[in-house]
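Have a look at the structure below, and keep it open while you read. We'll walk through a few spots in turn.

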Amino acid sequence: MKYLRIFFKILLGLVGFILLFLAVSVAPVNDTPYRETDYYTQTRQRLAQLAAPPRPQTGLRAGWAKVNLTPSFTTPTGGYGARKGEHWKIVSDSIYVRTLLLTNGSTKVAIVALDLLITPPTVTEQLKKRLPEIGFRWENLFTGAIHSHNSLGGWAPGLAGELFAGEFDQRVVDHITNAILQSITLAQRQLAPAEVGFSQVPAADLVYNRMNKEGRVDGDIRLLKLRKKTGESALLCTYGGHATIFRALADAKYLSRDYPGELVDELEKESGSFVAFMAGSVGSTGSKTAENPDIFTTIHTYADSLENRIEPALARLTTKPDSTLELLTLPLELREPHARVIDGWRVRPWLFRAAYGDYPSDLKALRIGQTVLLGTPCDFSGELVADLESQARQKGLNLMVTSFNGGYIGYITPDQYYHKQAYETMTMNWFGPENGAYFVELMKGLLARL
């Protein structure tokens, strides 16, 4: 009996500890309508207070440059927790920072396309401190990434960062930051008068909706072209297919840009232009590929399929002079962290921040001539683009929506999927319900301010 009493005391103590831990670490989901929250009110006030961009002093001037980002040391690859921090061993294709620099005499903007999984928040924080070294601020930058899951990792400290980017290495953050600063500096030296043009190419048959096979996809390739009087040209291409053709476990040994790298190389070779790629609205969209045991053939075939749509469009794409250049940066307030353990229950904010950190995030709106780029700090769902595009067209504007603009808050998907048992909505929804509607409203607000 004595030992039985001891056993029950230990068991009760253990149960008490578990209950105490749950009380301080788990809470119900807060489903207060977003328009009734303080974070909504604060962000709407910031939107209303955004200053109007200054009037242009000259026509558009543009320059561009790329800097090799392939390090002299290996790193984990970012994007697949199943790889458990395994380092790449073979450089399948080099990775780069590509920068397009624009000015109209009163506004200057650096569009920075990174051959990375995302724009790492740690790099963003370092850029905010170091950009003044070259005469820039964070408010002068519009960043994006190709979203390759076979590029550099090691840039995210903390438990969550190690899970999807491998063991943290400050050298990686410094290396990326230095390359970005160098690319902006080089692009600025190449400034010359430039014209601008846009084209949009259907390619919905090359992607699928990962959450709902009946759901919409944003399957268009979008092309923004800059052309100098010398004939030199640069192309920014966005597309919503996830760059995950390399397999999670079988292909961990390669450092690669996945299909966007192959596409960029092919377009540069065929057109003689400078080409940069940014992931579009990839939040619920996968790349539709045929089964093939040779992963490199699969990537080449997929890139060819996209290039075959793009080349005829480029032949018809015309450019014209313009002086319109506006960049708005809207700092976001969000619902407190809502990473869920089961539907209806979430870990408390202190525990989420202990695992992930607490990084600020923004929405960005960049207008170049008659084209607007909306940059988001997330995997932004293609199902949400149609409403935004409709508003842009009403204003006579072309629209390019991009993901991974410098913060990272997980996936933003349509609100009707919030309770769906899916990776995008359960594992990667970090800030609670109604963020789809919240983001669309704010992005429409930015469009209206331009």
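## A buried tyrosine and its neighbour

Tyr-438 counts as buried, because its relative accessibility is 0%. Phe-439 is buried too, with a relative accessible area of 0%. Keep in mind that this is a predicted model.

## Rings meeting rings

How many aromatic pairs does the model have? The count comes to 20. Take Tyr-411 and Tyr-423: their ring centres are 5.9 Å apart and their planes sit at 80°, so this pair is edge-to-face. The two come from distant parts of the chain, with Tyr-411 in strand E21 (residues 411–412) and Tyr-423 in helix H10 (residues 423–427), twelve residues apart. Tyr-411 counts as buried because its relative accessibility is 5%, while Tyr-423, at 43%, counts as partly exposed.

Tyr-438 and Phe-439 also pair up: with centres 6.1 Å apart and planes at 75°, the pair is edge-to-face. Elsewhere, Phe-352, Tyr-356, Tyr-359, Phe-404, Tyr-408, Trp-430 and Phe-431 make up one aromatic cluster.

## Charges over rings

Arg-340, meanwhile, lies over the face of Tyr-418, and here the distance to the ring centre is 3.8 Å.

## Strand E10, covered on both sides

Is strand E10 (residues 233–239) largely enclosed or open? Seven of its seven residues are buried, so E10 is largely enclosed by the rest of the structure. In a regular strand, side chains alternate between the two faces of the sheet. One side of E10 carries Ser-233, Leu-235, Cys-237 and Tyr-239, the other carries Ala-234, Leu-236 and Thr-238, and all of these are buried.

E10 also has strand partners. With strand E9 (residues 220–228) it pairs in the antiparallel sense over six bridges, and Leu-235 is the bridge partner of Lys-225. The hairpin of E9 and E10 has four residues between the strands, and Gly-231 takes a positive phi near 100° there. With strand E12 (residues 274–279), E10 pairs in the parallel sense, over six bridges; Tyr-239 stands opposite Ala-279 in E12.

## Two nonpolar cores

Which residues have the most contacts inside the largest nonpolar core? They are Trp-155, Phe-380 and Phe-439, in a core of 79 residues. Helix H5 (residues 170–188) gives the most to this core, with eight residues.

## Helix H7

Helix H7 covers residues 295–316. At 1.5 Å a residue, its 22 residues should span 32 Å, and the end C-alpha atoms are 33 Å apart, which agrees.

An α-helix has 3.6 residues a turn, so residues three or four places apart point the same way. The buried residues of H7 include Ile-295, Thr-298, Ile-299, Tyr-302, Ala-303, Leu-306, Glu-307 and Ile-310. What covers the buried residues of H7? Strand E7 (192–202), strand E8 (207–209), E9, E10, helix H6 (258–271) and strand E13 (285–287) are among the elements that do.

Terms used: Residues numbered from 1 in each chain as written. Predicted model: local features only at pLDDT ≥ 70, side-chain atom pairs only at ≥ 80, totals over all residues. Heavy atoms only, no water. Phe/Tyr/Trp six-rings, centres within 6.5 Å; stacked < 30°, edge-to-face > 60°. Buried < 20%, exposed > 50% of the residue type's maximum accessible area, 1.4 Å probe, protein only. Lys NZ or Arg CZ within 6 Å of the ring centre and 35° of its normal. Pairing = 2+ DSSP bridges. Core = buried A, V, L, I, M, F, W, Y, C linked by side-chain atoms within 4.5 Å. Expected span 1.5 Å × (residues − 1). Contact = heavy atoms within 4.5 Å.
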